[in-house]
Every structure is written in C-alpha cells, then in structure tokens.
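Welcome to a short tour of this structure. Please keep the sequence and the 3D view open as you read.

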Amino acid sequence: MSRPTPLHEVHKSLGATLTDFAGWLMPLRYGSESAEHTAVRTAAGLFDLSHMGEIYVTGPGAADALDHALVGNLGGLEPGRARYTMMCDADGGIVDDLIVYRLAADEFMVCANASNYLKVAAELTDRAKNHDAVVDDRSDSYALLAVQGPNSPEILAQLTDADLPGLKYYTGLPGTVAGVEALIARTGYTGEDGFELFVQADDAVKLWHALMEAGASHGLVPAGLSARDTLRLEAGMPLYGNELTSATTPMDAGLGRVVRFDKPGDFVGRAALSALETEKRLVGLVMKGRRVPRHGFAVVDAEGTVIGEVTSGAPSPSIGRPIAMAYVTSTPAAVDIRGSHEPVDVVDLPFYRRKK
Amino acid sequence: MSSIPDELSYTKEHEWVAGLDDGLTVTVGITAYAAESLGDVVYVQLPEAGATIEAGDAVGEVESTKSVSDIYAPVGGEIVEINQTVVDDPSLVNSDPYGEGWLFRVRIEGTPDDLLTNEEYATLTAAES
C-alpha cells in the first residue's frame with residue numbers, strides 16, 4: 001500500500017490522477033499535463049514533492065563525514081549554499097543523486113530521492129561512523145512544496161519577508177512563509193527559476209492554500225509528476241532509475257564535474273572513478289517523426305545496429321516533437337519503436353534553456 | 001465520471017462505435033474514459049483508408065505523454081475514411097472524444113454481436129477505476 005503525502009486530501013479535492021511512485025501515492029496530473037508543463041515554463045506551477053527524503057548530518061565532523069561519503073566537496077560549501085552531488089558505491093556506481101544544503105558550519109541537510117532515501121540514510125550512517133557526526137533521517141516529519149516558473153519570485157514575495165532577491169540559485173535560508181517556518185531554497189528540477197520550501201508535514205496544507213491564493217493572479221497551477229518529468233527532461237536533468245543507476249557512473253552521465261578528485265582525503269568510490277574509462281555517453285535525441293521513444297527502447301546507428309538504449313523519452317511541449325536521452329556507444333540514427341526504426345536528430349543537452 | 005452516451009456501442013478495449021443502426025458504415029473512436037486514463041494524447045496512428053480489417057485486430061495506436069495503447073478494431077470490414085483532423089491535432093481525442101475526436105469509419109460486413117451497451121460499459125469502467 002502506497003503512502004499518501006500530507007497533501008493527499010488536497011490532491012483528491014482537486015481531482016488529481018494519482019499514481020504509485022517509489023512507495024508513495026503521488027499526483028500524476030490534475031488536468032492536462034501539457035498545460036501544467038506550459039504553465040511552469042510561462043507562469044508558475046506548484047508541486048508536492050513530499051516523497052523526497054530529508055536527512056540531517058550534524059556535528060563538528062559533519063563536513064568531513066560528507067566529504068568521505070559523497071563525491072562532492074561539501075567542506076568547501078559556504079553556509080547558506082546548496083550543491084548538487086552524488087553518493088557512489090566503492091565501484092563508482094551511483095547510489096543516488098542529491099542536493100546538499102549547508103545550513104550552518106556543523107549542520108547539513110541532504111535531500112535524497114524517494115526511491116533511495118532509506119538506503120542513503122543507512123549508507124550515510126555507516127560512512128559517518130568514524131566521524132564526530134550524527135545522521136538523522138527526518139523525512140517522515142517533512143513536507144516539500146516547490147513553486148517553479150518565471151512568476152514564482154513575485155508569488156513567494158507576497159508571503160514572506162525573506163530576502164528573495166538576495167537568495168541566488170542554489171542557496172537556501174530559513175524563513176517564514178505564510179506564517180509557516182520553512183527552509184526556503186532556490187533550487188528545482190524544471191529548468192526554470194523557482195523555490196523549494198521544506199516545511200513540517202503538519203504545515204503543508206496551510207502553505208499549499210496560501211501559495212495557491214497568492215499565485216491565483218499570477219497563473220500558478222498545481223502540477224503533477226508527469227509535468228515534472230517532461231520539464232526535467234527538456235532541461236536535460238537526469239533521473240535516478242533512468243539516466244542514473246548503480247550500473248552507471250557520474251562520468252557516464254556526463255556529470256564528471258561533480259566528482260571532486262581535488263578535495264582532500266579519500267572518499268567512497270575515488271579509486272574506481274579515477275581509474276575509470278567510460279565507453280558510453282549520454283546524448284539528446286529529437287525525433288523527426290511523432291512517435292514517442294520510451295525508457296528501454298533500443299537506439300540504432302545508420303546500419304541499424306543496436307548501439308544503445310533510451311533512458312527517458314517523452315513528447316516535448318516546448319520543442320513540439322518527442323525527445324529522449326539515451327546512452328550510446330557511437331552515433332545514433334534512429335530509435336526502434338515497436339519494430340520500426342524512427343529517425344532522430346542528435347542534439348546537445350539540454351533541449352531547453354530558459355532565457356535569463 | 002466520464003460521459004458514456006446512450007446511443008453508442010462499446011468494446012472492452014474502450015472503443016466506441018456509432019451508426020450500427022443503419023447497418024452499413026460505422027464510426028469508431030475511443031471513449032472519454034480511455035482518453036482521461038491516457039492523459040494528453042500526442043500522436044494517433046490510424047489504418048489506411050481502403051484497408052480491410054477484422055474485429056479484434058490492432059489497427060492503430062494512441063500515444064500520450066506517459067503511455068501508448070493499441071486501437072483494436074471493434075468491427076470487421078473496410079476502412080472507408082480516416083479522420084485526418086485528429087491525426088493533425090491529436091488533442092481532439094481528449095477534448096471531444098465522441099465528436100471531433102472520432103478516428104475512422106468502417107463499412108461493416110454484418111452486425112457484430114459482442115459489443116457492449118452503454119450500461120455494460122459503465123459497469124466495466126466502474127470496476128476498473
């Protein structure tokens with residue numbers, strides 16, 4: 001039985017189509033997912049992301065513990081800043097991709113994927129055991145609401161005194177939103193400007209209604225996981241379970257920059273990752289036709305030989321044609337869609353970049 | 001609750017059939033329930049006009065953001081017309097599944113006897129949802 005989020009009754013009253021996702025009962029869409037997607041690109045969307053994991057790492061040794069446990073340089077992160085990073089296995093395979101928020105010198109919050117947070121919490125606990133740090137999985141007590149889209153700053157500004165203009169991309173600060181205590185982070189997974197608001201589960205419904213009211217005149221609509229998936233795909237952002245798996249390294253995914261070999265000390269996966277030669281690469285495909293490539297479909301070269309596999313695919317509302325990310329070992333010419341080789345254009349990622 | 005018009009016949013695979021009464025040419029589409037389950041339809045592939053089909057054949061597909069479904073022929077016969085408008089604008093399947101979103105017309109050979117009434121189809125979808 002999938003777990004409802006603290007906003008379950010809100011979703012039901014909005015008539016959401018619900019779906020099981022990583023053990024949670026999540027809103028897939030409220031109406032038209034394409035309309036939700038477009039709203040986020042042109043106005044704003046409100047997402048319930050309460051399935052995500054929030055794991056605190058605190059104590060004088062917290063930074064050292066994270067530098068050992070993760071591939072990024074978290075000791076080098078200023079308080080108030082956030083960083084995209086990964087946890088890898090000793091063999092270099094990806095355990096999860098994460099955003100780590102440094103809340104204070106000795107306090108970090110690790111935001112993990114719903115499908116992985118129990119494993120991440122267990123691994124962090126294990127990897128921190130020789131450090132003066134405490135790992136505390138607080139996922140159950142947190143809800144996460146995201147306001148994403150170009151209108152999100154003016155919507156949020158109505159509800160908080162926090163210095164939003166001073167809150168740059170990939171920073172986070174504690175504040176009050178609609179009378180609710182929140183960690184206000186300028187992060188997201190849509191390719192748009194926006195905010196993620198980490199709040200106590202009991203405050204989620206109150207905050208949702210306040211945001212919807214403040215956003216009513218700014219085009220804010222509730223948006224589900226379906227729109228979130230097409231938004232992140234257009235933005236070229238990887239998804240764990242698709243582009244990222246335990247059989248994939250950060251280098252495979254074109255994210256070698258997150259592995260900080262220059263940081264002091266050993267970290268889990270360092271030896272394997274530094275010796276690595278990657279053969280596959282992640283590419284962007286735009287279909288010439290209208291049939292949609294899906295996760296697991298074969299990618300073929302000009303001779304029709306299989307050279308890789310689609311990891312994510314969807315119709316792209318912004319581009320108007322189906323798009324996909326795929327791992328390949330040479331130059332793709334087509335995707336095998338139910339037996340028919342449908343031709344592709346190979347493009348640089350991301351597919352979509354917002355205007356600054 | 002999606003609409004299930006009285007005057008149509010239905011299949012378990014969520015197609016509707018109109019015009020059985022005159023016994024010659026019928027119109028086929030997918031139901032509002034199917035359209036809502038699929039989400040935004042982005043691509044419709046239909047059989048060629050002139051093709052001969054048998055009831056139960058997979059004759060096309062309807063693709064949405066998240067999934068793809070086969071279209072099964074509810075009746076046998078010859079395809080006499082396809083809805084090029086819905087090929088060009090697949091969102092009509094969502095906005096008007098029983099009207100502008102029709103898919104194709106078939107000149108039928110005999111009357112099929114295994115189609116569902118609106119009440120039987122309502123029972124089926126109530127059990128699925």
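A:Val300 sits opposite A:Ala334, a residue of β19(A). The model you are looking at is a predicted one. The two strands concerned are β16 (residues 298-300) and β19 (residues 334-337) of chain A, which pair in the antiparallel sense over two bridges.

From β19(A), you can move on to strand β20 (residues 340-347) of chain A: these two run antiparallel and are joined by four bridges. Here A:Val335 is found opposite A:Glu342 of β20(A). β19(A) and β20(A) form a hairpin with two residues between the strands, and A:Arg338 takes a positive phi there, near 50 degrees.

## A sheet of five strands

Now turn to another part of chain A, where an open sheet of five strands has the order β6-β7-β8-β5-β9, with antiparallel pairing. At its edges stand β6 (82-88) and β9 (134-137) of chain A; each has a single partner strand, so one side of each is left without a neighbour in the sheet. From one strand to the next, the twist averages 30 degrees.

A:Tyr56 has A:Met109 in β8(A) as its bridge partner. Helix α3 (residues 62-69) of chain A packs on the sheet, where it touches β5, β6, β7 (94-104) and β8 of chain A. The direction of α3 makes about 30 degrees with that of β8(A).

## Where chain A meets chain B

How many residues of each chain are in contact across the interface of chain A and chain B? On chain A there are 15, in contact with 18 residues of chain B. The size of an interface is often given as the accessible area lost when the parts come together. For chain A and chain B, about 1,300 Å² is buried between them, with 39% of it on carbon and sulfur atoms.

Five salt bridges are found across this interface. One to look up in the 3D view is between the side chains of A:Arg291 and B:Glu61, at 2.9 Å from N to O. On the side of chain A that touches chain B, at least two residues each come from β3 (24-29), α2 (33-42) and α7 (225-234) of chain A. By type, the residues on this side of chain A are seven charged, four polar and four nonpolar.

Terms used. Residues are numbered from 1 along each chain as its sequence is written. Chains are lettered from A and ligands numbered from 1 in the order in which they are written. This is a predicted model: local features need pLDDT of at least 70, side-chain atom pairs count only at pLDDT 80 or more; totals for chains, interfaces and linings use all residues. Side-chain values use heavy atoms; hydrogens and water are left out. Contact means heavy atoms within 4.5 Å. Buried area is the accessible area (1.4 Å probe) that two parts lose on being put together, summed over both. A salt bridge is a side-chain nitrogen of Lys or Arg within 4 Å of a carboxyl oxygen of Asp or Glu. Ala, Val, Leu, Ile, Met, Phe, Trp, Tyr, Cys and Pro count as nonpolar, Asp, Glu, Lys and Arg as charged, and the others, Gly among them, as polar. Two strands pair if DSSP finds at least two bridges between them. Axes are lines fitted to C-alpha atoms, for helices over the stretch in contact, and angles run from 0 to 180 degrees between N-to-C directions.
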